[in-house]
Amino acid sequence: MRTPLVIGNWKMHGTLGEARALATAIRDGLKRPRGVEVVLCPPFTALAAVAESLGTGPIQLGAQTCHHEAAGAHTGEVSPAMLADLGCRWVLLGHSERRREIGEPDGLINQKVKAALEHRLTPVLCVGETAEERRQGLTFTTVEGQLRAGLAGLAAAAIARSVLAYEPVWAIGTGVNATPGQAAEVHGYLRGLLSELASKEVAQQIRILYGGSVKADNADVLVAEPEIDGALVGAASLGAPGFIAIVKKAARVGAAPKE
Ligand code: PEP
């Protein structure tokens, strides 16, 4: 069985004081999360402070992106080695906001996935279609292209150390989440592709998260789907009570065998 995973993506939010307060409130509200893994991804500026607030507790630290080289003349960038040194164990890669705003192409995302793995960070590869692509019936084509390109050249053992997040672009920050059925359909498709790219066994062990307007009041129905192994949460991770409620719902679903 795959342990549910809930990741909070704070995006470009939070002063140091706000980040410390939020991390501390989440830490105190989730002292011993059982049957669920929890990761917080604050902005780079708050990583050290959040690492300190989380201490050696069960909540883990992640970053929202990284460069693909370990060091070098890359003004403004942060390397996977630096993130690992700060205590990060996770990194989001290929988030649609970076694909859209920075123009991150699939090939670069692939290099980042490889670099993350080399530095023992777990890459969370994000894929998802726009509203227009869904309207045109291109959902599977889009996510397949992003998945194949993002994992290109990786051996099955490396793929096994990764996590996927299906995040339909039309659901991110809009308040309109995919229905459990819509998400499960794409997750099932991605898992089928993972069987081909790695193996059936690896495909069965990889967690595929859903992201896009997950909130406390829809988390349980989404995570209850056998194909949905947790959530990547944006806006609703910026308030401790709501995020804690999502984690507890995922943990409850994780404690009860699906199907
Ligand atoms: C995200 O950006 O990863 C995300 C899922 O955002 P939101 O939960 O706000 O839709």
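A backbone N or O atom of S213 lies 2.8 Å from an oxygen atom of the ligand, a polar contact being a pair of N or O atoms within 3.5 Å. The protein covers 98% of the 290 Å² of accessible area that the ligand has on its own (Shrake-Rupley method, 1.4 Å probe). The structure is a predicted model, in which local features need pLDDT of at least 70 and side-chain atom pairs count only at pLDDT 80 or more, while totals for chains, interfaces and linings use all residues. Residues are numbered from 1 along each chain as its sequence is written, and side-chain values use heavy atoms, with hydrogens and water left out.

The ligand is surrounded by 15 residues, the closest being K11, H95, E167, G173 and S213 (a heavy atom within 4 Å). This shell consists of five nonpolar, seven polar and three charged residues, with Gly counted as polar.

Strand β8 spans residues 230-233 (strands are DSSP E runs of at least two residues, numbered from the N terminus). Strand β1 (residues 5-9) runs parallel to β8 and is joined to β8 by four bridges, pairing requiring at least two DSSP bridges; G8 has V233 as its bridge partner in β8. Strand β7 (residues 208-211) is also parallel to β8, with two bridges, and Y210 is partnered by A231.

In a regular strand the side chains alternate between the two faces of the sheet. In β8, G230 and L232 on one side and A231 and V233 on the other are all buried (under 20% relative accessible area, 1.4 Å probe, protein chains only).

Notes:
Buried means under 20% relative accessible area, exposed over 50%, partly exposed in between (1.4 Å probe, protein chains only). A polar contact is a pair of N or O atoms within 3.5 Å; within protein, one must be able to donate a hydrogen and the other to accept it, and residues adjacent in sequence count only if both atoms are side-chain atoms.
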